[in-house]
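Please look over the sequence and the coordinates shown here before reading the report.

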Amino acid sequence: LIIASMSALRKIALSLLVAGLGAANALVLPAVQSLGRDALSVHSARGSVVMRAKDDKAKAGAAAAAQAAARAEQEAALADIAAALAPPPPPPPPPAKPLKKAPKKSEKKVPAATAPAKKQPTPKPLAAPKFEIPAISIPKLPQITPPAPSKPEGDLSKVFLSPAAAGLGAGVAIGLLPAGVLVGLRVWLVSGRKA
């Protein structure tokens, strides 16, 4: 029994080993193949990166050359504009007059009669132009005289018996009556009752 069970165990272990190797082979081979492909793709990616870097350098060089040409063209245009806006150069000075030759000793010039020098007229002082301001007439305002104050009449009874004075007297009387009552009430309350 033991031998039979050992042999069965060996068969099982062997079949598990074969199955495990098959499974491992099934998993490992594609992984190894993909690693090989990955290595190739990494190698090709490196090559493409190198090619891109070379292309980028070439593009950058071309762009730098184009920028330099544009700057040179812009500077030339600015120089042309500055030359066009610059003031014209001053005219050249007139040519110098040739010097007069001195007369030879044998030829003596007789001085000509000198004419009296002309007097230059003195400049007249400038005068301001003369002009007249037109006359403006302002219209005159009419004479307005304020009314003269009237003289008070000699009879004062007419002043005090007028309706205005009567109304004033009645208002004072009506106002003094309640005021007197209120003041008296206050005095009585403040004094208190002395018993």
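The report below takes up the fold, the confidence of the prediction, the surface and the last helix in turn.

## Fold and confidence

This is a predicted model, and its secondary structure consists of three helices and zero strands, arranged along the sequence in the pattern α-α-α.

The mean pLDDT of the protein is 76, with 72% of the residues reaching 70 or more. Among the elements, helix α2 (residues 157–160) has the lowest mean pLDDT, at 69, whereas α3 has the highest, at 90. Where pLDDT is low, predicted coordinates should not be read in detail.

## Surface

Buried residues account for 0% of the 195 residues in the protein.

A nonpolar surface patch of about 410 Å² is formed by Leu 14, Leu 17, Val 18 and Leu 21. One of these residues, Val 18, belongs to helix α1, which covers residues 2–85; Val 18 counts as exposed because its relative accessible area is 52%, and the cut-off for that class is over 50%.

## The last helix

Helix α3 (residues 163–191) contains 29 residues and spans 43 Å from its first C-alpha to its last, which is close to the 42 Å expected at 1.5 Å a residue. Just after α3, Gly 192 adopts a positive phi of about 75 degrees.

How values were computed:
Residues are numbered from 1 along each chain as its sequence is written. This is a predicted model: local features need pLDDT of at least 70, side-chain atom pairs count only at pLDDT 80 or more; totals for chains, interfaces and linings use all residues. Side-chain values use heavy atoms; hydrogens and water are left out. Patches are made of residues with over 30% relative accessible area and no salt bridge: like charges are joined within 9 Å, nonpolar side chains (Val, Leu, Ile, Met, Phe, Trp, Tyr) within 5 Å. Accessible areas come from the Shrake-Rupley method with a 1.4 Å probe; for residues, only the protein chains shown count as cover. A salt bridge is a side-chain nitrogen of Lys or Arg within 4 Å of a carboxyl oxygen of Asp or Glu. Helices (H or I, at least four residues) and strands (E, at least two) are DSSP runs, numbered from the N terminus. Buried means under 20% relative accessible area, exposed over 50%, partly exposed in between (1.4 Å probe, protein chains only). The expected span of a helix is 1.5 Å times one less than its number of residues. pLDDT is the predictor's confidence in each residue, from 0 to 100.
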